[in-house]
Amino acid sequence: MGALLALSRAIDRINETIGKAVSWLILVSVLVSATNAIVRKAFDMSSNAWLELQWYLFGAAFLGAAAYTLKQNEHIRIDIIYGAFSRKVQHWIDLLGHIFFLMPFVLLMLFKLTPFVMISIRSGEMSTNSGGLILWPAKLLLLIGFWQLFFQGVSEIIKKIGVMRGLIEDPHADSAGHHGHDPIAEEEGL
């Protein structure tokens with residue numbers, strides 16, 4: 001299990017680095033969008049390439065941060081139900097959810113996306129919009145994002161088993177959603 005936990009730590013480091021780096025793409029996307037809007041209004045000019053670039057940048061940020069968001073345990077869940085259970089039950093819910101829901105979905109997406117992306121790359125697929133960009137980089141980013149999510153899913157399963165076996169500390173033990181406590185309500189004595 002020690003080797004698997006080391007693998008998990010390596011996956012976590014890689015996805016954390018990528019997740020933090022791609023967050024800057026949102027700023028670049030906003031700057032591209034603002035510049036494009038100003039040029040369009042001030043000079044009555046526009047470019048489909050700039051519009052598509054902004055979509056690519058935002059998509060890359062979203063997909064590149066999906067694995068990081070999973071690592072941080074920040075994906076949306078129904079905390080009102082989840083938080084009512086003991087931490088032991090929550091571990092089982094997380095483990096089974098990752099194994100039976102997350103991983104099959106990610107594997108299906110990888111299975112379907114790989115030929116889709118390969119065809120796009122081989123054909124040099126271009127946007128159908130006049131002056132648009134090539135499409136395969138955006139599709140490749142989608143595939144890379146799902147690979148990141150796959151590896152982060154593996155890491156989360158390894159960590160969850162490690163926590164349940166008492167080999168490592170729970171990395172999310174102090175998350176409010178996991179304890180079902182409300183710091184504001186506690187402060188007010190509710």
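This passage describes the fold, surface and selected residues of a predicted model.

Read from the N terminus, the order of elements is α-α-α-α-α-α-α-α. The radius of gyration is 21 Å, whereas the globule rule gives 16 Å for 190 residues. The value is well over that of the rule, so the chain is more spread out than a compact globule. Along the principal axes, the C-alpha atoms fill a box of roughly 60 × 45 × 25 Å.

Burial and contacts were computed over the chain. Of its 190 residues, 34% count as buried. Contacts were considered between residues at least 6 apart in sequence, and 74% of these join residues at least 24 apart. The accessible surface comes to about 11800 Å². Carbon and sulfur atoms account for 70% of that surface. Charged side chains number 15 positive and 16 negative. The centres of the two sets are separated by 11 Å.

An unreviewed UniProt entry carries the annotation "transmembrane region" for residues 21-43, 55-71, 92-113 and 133-151. Two of these spans were examined in the model. Residues 55-71 are 100% helix and 0% strand. The end C-alpha atoms of that span lie 25 Å apart. Residues 92-113 are likewise 100% helix and 0% strand. Here the distance between the end C-alpha atoms is 30 Å.

Backbone angles were considered next. Most residues other than glycine have a negative phi. Aspartate 44 has a positive phi, near 55 degrees. This residue is found in the loop between helix 2 (24-43) and helix 3 (48-71). Its relative accessible area is 71%, over the 50% cut-off, so aspartate 44 is exposed. Asparagine 73 also has a positive phi, of about 60 degrees, and is not a glycine. Asparagine 73 is placed in the loop between helix 3 and helix 4 (79-82). Its relative accessibility is 17%, under the 20% cut-off, so asparagine 73 counts as buried.

Leucine 110 belongs to helix 5 (residues 87-123). With a relative accessible area of 5%, leucine 110 is buried. Neighbours within four places in sequence were left aside when its contacts were listed. The remaining partners of leucine 110 are Leu143, Phe146, Trp147 and Phe150. Isoleucine 144 lies 34 residues away from leucine 110 along the chain. The C-alpha atoms of these two residues are separated by 9.2 Å. In the record, residues 92-113 and 133-151 are both annotated as "transmembrane region".

Glutamate 16 sits in helix 1 (residues 2-22). At 23% relative accessibility, it falls between the 20% and 50% cut-offs and so counts as partly exposed. Beyond neighbours within four places in sequence, glutamate 16 is in contact with Tyr68, Lys71 and Gln72. Leucine 63 is 47 residues from glutamate 16 in sequence. In space, the C-alpha atoms of glutamate 16 and leucine 63 are 13 Å apart.

Leucine 51 is placed in helix 3. Its relative accessibility is 23%, and leucine 51 counts as partly exposed. Leucine 51 and valine 106 are 55 residues apart in sequence. Their C-alpha atoms are 29 Å apart in space.

Conventions: Residues numbered from 1 in each chain as written. Predicted model: local features only at pLDDT ≥ 70, side-chain atom pairs only at ≥ 80, totals over all residues. Heavy atoms only, no water. Helix = DSSP H or I, 4+ residues; strand = E, 2+ residues; numbered from the N terminus. Rg over C-alpha atoms; globule rule 2.2 N^0.38 Å. Buried < 20%, exposed > 50% of the residue type's maximum accessible area, 1.4 Å probe, protein only. Contact = heavy atoms within 4.5 Å. Areas by Shrake-Rupley, 256 points an atom, 1.4 Å probe, with all protein chains shown as cover. Lys, Arg positive; Asp, Glu negative; His and termini not counted. Charge placed at Lys NZ, Arg CZ, Asp CG, Glu CD. UniProt positions renumbered as here; feature names shortened; annotations may be inferred.
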